[in-house]
Every structure is written in C-alpha cells, then in structure tokens.
Amino acid sequence: MRDPFKIDGPTCISFSGGRTSAYMLWRVLQSNGGLPAGAVVCFANTGKEDPATLAFVQECSEQWSVPMVWVEYVSGRNVRTVDFDTASRMGEPFEALIRDKQYLPNPATRFCTTELKILSAVRYLRTQEWEEWDNLIGMRADEPARVAKVRASPSGGTRGVDRRVPLADAGISVQDVLSFWRQQPFDLALPVVNGKTMHGNCDLCFLKPPAQRLSLIRERPSRAVWWIAQEASLQSSARITDGARFTKDGPSYAQMLAYADSQEDMFDADEEALACFCGD
Ligand code: SF4
C-alpha cells in the first residue's frame, strides 16, 4: 500500500494549529525525510485563534525545523503573509471579511471557513504561480462524515486542487494523536476534554455548541467582546433589515455574556459541535 504521507509533487499541507494537523505534519516529515521541495506548510490565521495556538504553530516550526507560511485574509479578497510576531491577534482578518461581505457567517453559510482558511491559502499559492497541487488535510479516521465529504469532492470546488486525507487513509484516530503528543517534549497548551480541544479554532466559533461557548465566556468574559461588536455593527447597518446574528436560532453573543453571570445550565452540555473545515 502506498504511504499516504508520501509527497511526490506540489503539495500544500494545511496546518490548523491543532494537535491533529500537527501530527499529520510530523508524519509527513517522517515519511519524506523532512519537508520535500515543492511542499508548503500553510497556517491560515483568522485573528481569533487562542494565543496558545499561535505559540504552538511557531513551536512546531522551530522544534521540527520546518518553515511555515502564515497567511491572512486582507480586505478585497486578498491575502498577505505574516509571521508569529506580526500575526493579527484582534480578529482583523475576520473583521475585514465581515466588512467586505456586509453580513455575518452562520452555521448554514460558513463563508469564514472558505475565505479565511481555504481561499487564503489558495490565493497565496496562486501568488507563487501554483496551478495544480495536492492539499493534505488533517482529518482522522474517526471523523467519517468530514472525510466522506472530502473524498466525494476532492477539489472542493477549487480549480487545480486535489485534497487528500492521509490520517484517515492510515486509520489514525484521536487516541493515536493524543498518545503521540503525550510522548513529545512540547504540546499545544490547551486542554483536551473528551478528546476535543474546545479552545481550538476561533475562540467563540458559532459552530461550537452554546454550552461550550458559554463555558468559554465564563472562563474569560472578554472573549465575547469581539463577537458582540460584530453583531452590533451589522445590526446598525442600513443594509441589514432582519438583524445580524452568527446563529439565527440561538442567543446573540450579548445575551450569552449576560447569561454568563447566571449559574443556571441553560444549554445542552452534550450537544456536539458542527463539523467544519477549520480543523481540530
Ligand atoms: S473556526 Fe468557526 S468562526 Fe472561525 S473560521 Fe472556522 S467556522 Fe468560521
């Protein structure tokens, strides 16, 4: 059987900043004796990542001596490259996208994943004159629904892109990933709860269940401020007539901040997060 981590042409390795895609990168480095020529490791920063995520991306780069390209969305559907020192930390790329769109992403229309993560990497690679390439995505064997979507549409609608899921091909599960990290001299400084990193990706991502977001707001109420500001800014926009929410059926972020003072359990603690491309 072909080694799913072997690279033999132009390849973008999508690094979400989580443990799973970092493990995928490590496996690629093992299978190829380092990062092969023609391969790029790409981290797309939304500006709403936990600081620990940015530190982890940088540490993987330094510990494994592997260059990484940090990209960010720029207003006008452009992209820029940054690094650990210059990366946005106040939600600037995400806010620029919302200003461009003049509406908010939501569970049914997840354009933030598409624009901030997928297309920012694509735009960067096009600036490097890439035409066709493989894209390695950190999806595991225990995420069959996400994997099936990728396998059903390898291009994901992007010209020249062939998406691959080597971890799933190799039968890697979350337990394999966590076991790997327990043995490493460094790790992502975010807790694992029931196999999940609830602080991962954008801090209060609307795809996280309400109970999880409420818990994150209780832990640090200031996390809600940016999300409240985005909802408020569009609610006052003349172009928005039916209100602006990241989740139309759920509470606004301002309401969630108000609920955070209450000790009542208002939301289903067992509700699963909605899957998206943004990764672990
Ligand atoms: S983590 Fe959530 S809010 Fe952030 S880009 Fe992905 S889907 Fe959008």
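How many bridges pair strand 5 and strand 6, and in which sense? Strand 5 and strand 6 pair over 4 bridges, in the parallel sense. Strands (E, at least two residues) and helices (H or I, at least four) are DSSP runs numbered from the N terminus, and two strands pair if DSSP finds at least two bridges between them.

This is a predicted model, in which local features need pLDDT of at least 70 and side-chain atom pairs count only at pLDDT 80 or more, while totals for chains, interfaces and linings use all residues. Residues are numbered from 1 along each chain as its sequence is written, and side-chain values use heavy atoms, with hydrogens and water left out.

**Stop 1**

An open sheet is formed by 6 strands, in the order 4-3-2-1-5-6, with mixed pairing. Strand 4 (78-82) and strand 6 (161-164) are the edge strands, each pairing on one side only. From one strand to the next the twist averages 35°; angles run from 0 to 180 degrees between N-to-C directions, and axes are lines fitted to C-alpha atoms, for helices over the stretch in contact.

Now pick strand 1 (residues 11-14). Ile-13 has Val-41 as its bridge partner in strand 2. Strand 1 also pairs with strand 5 in the parallel sense, over 3 bridges, and the partner of Thr-11 in strand 5 is Asp-134.

Move to strand 5 (133-136). Asn-135 has its bridge partner, Arg-163, in strand 6. In a regular strand the side chains alternate between the two faces of the sheet. In strand 5, Trp-133 and Asn-135 point one way, Asp-134 and Leu-136 point the other way, and all are buried. Buried means under 20% relative accessible area, exposed means over 50%, and partly exposed is in between (1.4 Å probe, protein chains only).

**Stop 1: helices on the sheet**

Show helix 1 (19-32). Helix 1 lies across strand 1, strand 2 and strand 5, and runs at about 140° to strand 1. Next show helix 4 (residues 111-127), which packs on the sheet and touches strand 1, strand 2, strand 3, strand 4 and strand 5. The direction of helix 4 makes about 110° with that of strand 3.

**Stop 2: two cysteines**

A disulfide is a pair of cysteine sulfur atoms within 2.5 Å, and the structure holds 0 disulfides. Cys-12 is buried at a relative accessible area of 2%, and Cys-42 is buried at 4%.

**Stop 3: Asn-45**

Follow the chain from strand 2 towards helix 2; Asn-45 is in the loop between them. Is Asn-45 buried or exposed? Asn-45 is buried, with a relative accessible area of 1%. Its side chain makes a polar contact (2.8 Å) with the side chain of Glu-72. A polar contact is a pair of N or O atoms within 3.5 Å; within protein, one must be able to donate a hydrogen and the other to accept it, and residues adjacent in sequence count only if both atoms are side-chain atoms. A polar atom of the Asn-45 side chain also lies 3.0 Å from the backbone oxygen of Ser-88. Leaving aside neighbours within four places in sequence, the residues in contact with Asn-45 (heavy atoms within 4.5 Å) include Leu-54, Val-71 and Pro-93.

**Stop 4: helix 2**

Select residues 51-63, which make up helix 2. At the start of helix 2, a side-chain oxygen of Asp-50 reaches to within 2.8 Å of the backbone nitrogen of Ala-52. Among the buried residues of helix 2 are Leu-54, Phe-56, Val-57 and Cys-60. The elements that cover its buried residues include helix 1, strand 2, strand 3 and helix 7. Ala-55 also lies in helix 2, but is partly exposed, with a relative accessible area of 34%. After helix 2 comes Ser-65, whose phi is positive, near 50°.

**Stop 5: two loop residues**

Glu-129, in the loop between helix 4 and strand 5, has a positive phi near 65° and is exposed, with a relative accessible area of 67%. End at Asn-201, in the loop between helix 7 and helix 8. The phi of Asn-201 is positive, near 60°, and the residue counts as buried at 14% relative accessibility.

Conventions:
The expected span of a helix is 1.5 Å times one less than its number of residues.
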